[in-house]
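Work through the exercises below with the coordinates open. Try each task before reading its solution.

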Amino acid sequence: LTGHSMGGHGAWNVAVNHPGLFAAVGPSAGWISFSSYARRPAPAATGPDRLFLRGHGPSDTLSLKENLRDLGIFIIHGDADDNVPVTEARTMVKELGSFHKDFVYREFPGMGHWWDASKEPGTDCVDLPELFDFFARRRRASAPRQLEFRTHSPAVSSTHRWISILCQEELLSLSEVKARAVPGLSRIEVSTRNVFRLSLDPACLFARGLVALKIDETETETEWDGSSLICLEKGSEGWKVLGGPPDPAWKNPVRYGPFKQAFYRRFIMVYGTAGTAEENAAALDRARYDSASWWYRANGGAEIVPDAEFDPAADPERNVVLYGHRSMNSAFGKVLDRDEADVDRGEVRAAGKALKGVGISCLYIRPRKGGTNATVAVVGGTDPAGIRLTVIAPYFRSGVHYPDVTVWTGIPSPGVPAGLKAAGLFGKDWKSAGGEWWFGPGWADETPADDDEEF
């Protein structure tokens, strides 16, 4: 894995989040993280800030540096780089030096950001023969017996070789596993931190039969069929082996949140047409804006359809992005329950509370009704002004993260939006209770909805 400049950062970031895919990584002029490159201090993790920062964890390369332990690393940087400071590389060298045994650092005197010192074909900063010789001598182990793995979010990075973190105790906080396999005894030992569910795939280690397990302080065993995953869950009395895959209705790597995960797989954008002319126009404009942004930022085609043409039965496992609010967009009732969060004309609901008013904007993500892995993202507002105001939320930009639910009014200032009204994470079972929430002023306890009302 290699890359230059932004690609150098990409090499660092992909390697720390997906170390099991590679034998070696060679960043050239790569920056470490958004905070170090932009020289902006991280805000304090208090109040609503903590919920926004939690989504940023996978971009924090240094917090995941131990994931690089088994990779060969070759770092290239010019000491006269006026774009990405050489201190970025020197910092990584210092951090790696405390634990890593297989890395090389080549700092080139007098060289800037993009350079070619030799007359040989190829540009030296990205086509250095020594780098590719280093790569040629590295191989991934076919059946590693010891693993260490960290992740901030199973939605971004859940698996390292034969072990996977499926769900965390504290969502979107750093999780860690250290695993050791003893093939001769058909035994696996795992220590965990901030892990609620995990799975093991010992196919590369030993054959079917009785497997002995030690997970933290829990000793147990299970009969393994040689192909299925061994899934475990942590309870009040320790770890237990599940009889099959975990309940897909709970948060899992393919349906975990936060908001941005709705765009991680194929999605369709649906705008409302049953509102006022101004509401309909605002929703369509917002969907068009996102489709255009997706084209120039992701080089992808984002399909837009009106609610009247949306067929939920056509592809029940496709992610859906809804624009508008429930009364103007009939797709809400087709793919989204309103039990834990909702937006309608003049009102937003979340976690048993309601906020009434005009000019209120919201983003939230929920499991898709009737689907197993699909999610629904809502880009909504209580009126045309609220729908239009969602454009200030740049969720396609690198380094920008929103929790499961964000509600605001007004134009934001640096840091937490000045008009922030609520931020929250749903719990492990996608319910509000057991989640983490922050509410500003103006919210009231929610009036129960009429269960017989149809949309």
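## Exercise 1: a serine in a loop

Ser173 sits in the loop between strand E7 (163-167) and strand E8 (175-182). Helices (H or I, at least four residues) and strands (E, at least two) are DSSP runs, numbered from the N terminus. The model is predicted: local features need pLDDT of at least 70, side-chain atom pairs count only at pLDDT 80 or more, and totals for chains, interfaces and linings use all residues. Residues are numbered from 1 along each chain as its sequence is written, and side-chain values use heavy atoms, with hydrogens and water left out.

Task: Classify Ser173 as buried or exposed, then list its contacts.

Solution. 
- Step 1. Take the classes: buried is under 20% relative accessible area, exposed over 50%, partly exposed in between (1.4 Å probe, protein chains only).
- Step 2. Ser173 has a relative accessible area of 13%, so this residue is buried.
- Step 3. Search for contacts (heavy atoms within 4.5 Å). Beyond the neighbours within four places in sequence, Ser173 touches Arg54, Thr151, His152, Gln168 and Asn194.

## Exercise 2: a serine in a strand

Solution. 
- Step 1. Locate Ser361: it belongs to strand E21 (residues 361-367).
- Step 2. Check burial. Ser361 has 0% relative accessibility and counts as buried.
- Step 3. Ser361 meets Gly380, Gly381, Gly386, Leu389, Thr390, Thr406, Val407 and Trp408.

## Exercise 3: the faces of H4

Task: Why do the buried residues of H4 line one face of the helix?

Solution. 
- Step 1. Get the span. Helix H4 (residues 86-97) has 12 residues and runs 17 Å from its first C-alpha to its last. That is close to the expected 16 Å, where the expected span is 1.5 Å times one less than the number of residues.
- Step 2. Pick out the buried residues of H4: Val86, Glu88, Ala89, Met92 and Leu96.
- Step 3. Look down the axis. The buried residues of H4 fall within an arc of 160 degrees, so they line one face. The arc is that of the directions from the helix axis to the C-beta atoms.
- Step 4. Turn to the face away from the buried side. Exposed Lys94 and Gly97 are carried there.
- Step 5. Find the packing partners. The buried residues of H4 pack against helix H1 (6-17), helix H2 (34-38), strand E3 (72-78) and strand E4 (103-108).

## Exercise 4: rings around Phe426

Task: How are the rings of Phe426 and Trp430, and of Phe426 and Trp437, arranged?

Solution. 
- Step 1. Set the rule. Rings of Phe, Tyr and Trp (its six-membered ring) pair if their centres lie within 6.5 Å; planes under 30 degrees apart count as stacked, over 60 as edge-to-face and the rest as tilted. The count is 21 aromatic pairs.
- Step 2. Phe426 and Trp430 have ring centres 6.0 Å apart and planes at 45 degrees, so this pair is tilted. Both residues are buried.
- Step 3. Phe426 and Trp437 have ring centres 5.3 Å apart and planes at 75 degrees, so this pair is edge-to-face.
- Step 4. Phe426 lies in the loop between strand E24 (420-425) and strand E25 (436-439), and Trp437 in strand E25, so the pair ties together parts 11 residues apart in sequence.
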